[in-house]
Every structure is written in structure tokens, then in C-alpha cells.
Amino acid sequence: MAGDAAPHVVEDVPGVLQLLSDGSVVRGDESVLWPKDPLPDVHGVQWKDVLYHAAHALSVRVYRPESSSSSVTGSSKLPVLVYFHGGGYCLGSYTQPHFHTYCLRVAAELPAVVLSVQYRLAPEHRLPAAIEDGAAFLSWLRRQAELGAGGGADLWLAESADFARTFISGASAGANLAHHVTVQAASTQTQLAAHPLRVAGYVLMSAFFGGADRTAAEVNPPLDVTLTVDGADKLWRMSLPVGASRDHPVANPFGPESPSLAPVDLPPVLLVAPENDVLRDHVLGYAARLREMGKAVEVAEFVGERHGFSVLQPFSEPANELMRVLRRFVYAGFAHPTAL
């Protein structure tokens, strides 16, 4: 009988992830997707994992420099950089060595308190689960800011975090997630004018956006890309609600069913756009649409670089330049910006 047929593979990331016809998921070893070269040590940074969502067993990895002060501001408190890892909403982990190394570098070199957030993955937990987790994390962080050292807040955050300078960031799908969390935060921030936590900006690196209509970079993709058009489509099929198209509001912030961003008081955004990335036109289109709305937008283009270069080659010269760009953005407005 047809109903007795064994489940078959519906979507397949070879050796890493399979979605079967009965909805079950088989996961493999994701390390096969990453470069095998050893990663250099990053010294001078402390880190630990803290549970932020008990019901879903989700944690955040907290990084802070051993010397928790900034030569730029002269303050003992450091800006806070929230970071969501990439992986097409289906892969990746805040514990993965390349994401971990990137966060160590940011904490040491900006300097900043870096918060690398775990979130639920699809297809076991389809969108908007990850966005709900991102919003839950920001609520947890707001509570930490309210509590302070004497009220039961995490001691590292109470000692080192300048919550009034919180930045939300991410890479690839993590950048998509950062967009949605920032939009939600900006939509409520005016209601929380006296709150100690303020989202001062957001950073989207190789943002994982999509759309039903193909862009020029998708029709004629660059050579030797790290993310293919077929690969991106597959990840959207596994992560979006069943039956949804790439015009779903999570994938396409300017799609036919997406709410307008014009009335949202978005903070300044830094967009990182590698040249050799099939998502490049989506990123540049996002920048153009926000500029038309009068938003503050900075675009950092990286000639010859590919999707995810910030973590795939975390000590390359382009990655070094990204650190300089990120530092200028986070510390904008402070004295002696040329020293950054």
C-alpha cells in the first residue's frame, strides 16, 4: 500500500542534513563544510555560556576582553554587539569554531562585549521560530540591563556592558535574523525611551535575503561561490513555513506582503556586501530601499570576496579590514575617529 512506503529524501545537503517525506530530519557532521586549516588563538578574551531561554534550552556565549575598558571612550563599560551566526536558518551553531573565533576577534579588537546567540534551527523548527528566539533574547538582555549588578544581572554584563550602545549583528541567515530583531526593537524603542538598553545600530554581513524574482547576480552568478542559488533556494524551502515562497516577509523585507519599513525609526545600519556573492544584489537593493526612505545606511563592499568571508577566512586581510570598518561604525561619534 502507498501509505506503507518508506520515507524518502525530500531535501538533501549531502552528508550534513536530510529532510525526509515524513518530516523527520537526519543530521550529519557539519565540519565537512568548513575549511580544515587550524585557527590561530585569540588571547585576552574571557568567555562563558549563559542560559537565556530555559524552556527551549537556549544559551548565549558571552565574550569580554580581560581588560574591560576602551581606549576610545576612556570608559570601563564597552559597547555590546549581539551576534547571530549564519547557516541558512538550518545549519550552524554558536559553538562552531569559526563563529567562535570571529567573536573572539571582535571582543578583543573593537573592543566590545560580544553576545553570540543560540537559536532554534529549521527544518525541525521552521520560521519564525528563530526570530521568536531572537526577540526572546533581546527581552532577556533588556531584563539584564534593568537588573544591574545589585539586582541579579549576570556579573560580566553588569561590570562591562554599556547597554545604551547595543548593536545587533549577524552573518548570512544571522544577518536576516538581525534585521527582523532590529525592526521589532525599533518599533517599540520609542515606548521604552527611558530604558537603559538602546539599540544604537545594526550590522548585516552577507545578508540572507531572497525574493521570487531573480536578481542579476542570481541569473548570472559569480564563479566559485560559497553559496549557490540552488543552495540558497534549498535552505529557504527547509526553513520557511511549508508552501511559502521566497517573497515571504522573512525572506523578502520588501515583498508584496511585507510591512513597510518607512514608518519604523531604524537605527543606522552597516551592510557588508562581498562582490562574489549571489546575494549581493539583495543586499545592495536593501540599502537602496532604506536610503529612499531616508534611513542612515553605510555599505562596505569587498571586491573579490565571497559569501561568509568574515568567518571562512577570519584572519585574511579583508577580514582585518572588516574589523576596522566595524570598529569605526560602533565607535562613531567618539573623539579621534581617525585613530580607529
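## Cis peptide bonds

Pro111 sits in the loop that runs between helix 1 (97-109) and strand 7 (113-117). In this predicted model, the peptide bond leading from Leu110 to Pro111 is cis, and its omega is near -10°.

A cis peptide bond also links Ala122 to Pro123, with omega about 5°. Pro123 belongs to the loop between strand 7 and helix 2 (129-147).

## Residues with positive phi

Tyr89 is not a glycine, yet its phi is positive, at about 65°. This residue is placed in the loop between strand 6 (78-84) and helix 1. Tyr89 has a relative accessible area of 1%. Because buried means under 20% relative accessible area, Tyr89 counts as buried.

Ser172 is likewise not a glycine and has a positive phi, of about 60°. Its position is in the loop between strand 8 (161-171) and helix 4 (173-189). With a relative accessible area of 12%, Ser172 is buried.

The largest cavity holds about 30 Å³ of space.

Its lining consists of Phe209, Gly210, Arg214, Glu218, Ala232, Asp233, Trp236, Arg246, Leu279 and His282. By class, the lining of the largest cavity comprises 4 nonpolar, 2 polar and 4 charged residues. Helix 6 (residues 229-239) provides the largest share of this lining, with 3 residues.

Technical notes: Residues numbered from 1 in each chain as written. Predicted model: local features only at pLDDT ≥ 70, side-chain atom pairs only at ≥ 80, totals over all residues. Heavy atoms only, no water. 1 Å grid on protein atoms, 1.4 Å probe; cavity = no way out; pocket = protein on both sides within 12 Å on 5 of 7 lines; lining within 4 Å. Points joined across faces, edges and corners; volume = space filled by probe spheres on them. Helix = DSSP H or I, 4+ residues; strand = E, 2+ residues; numbered from the N terminus. Nonpolar A, V, L, I, M, F, W, Y, C, P; charged D, E, K, R; others polar. Buried < 20%, exposed > 50% of the residue type's maximum accessible area, 1.4 Å probe, protein only.
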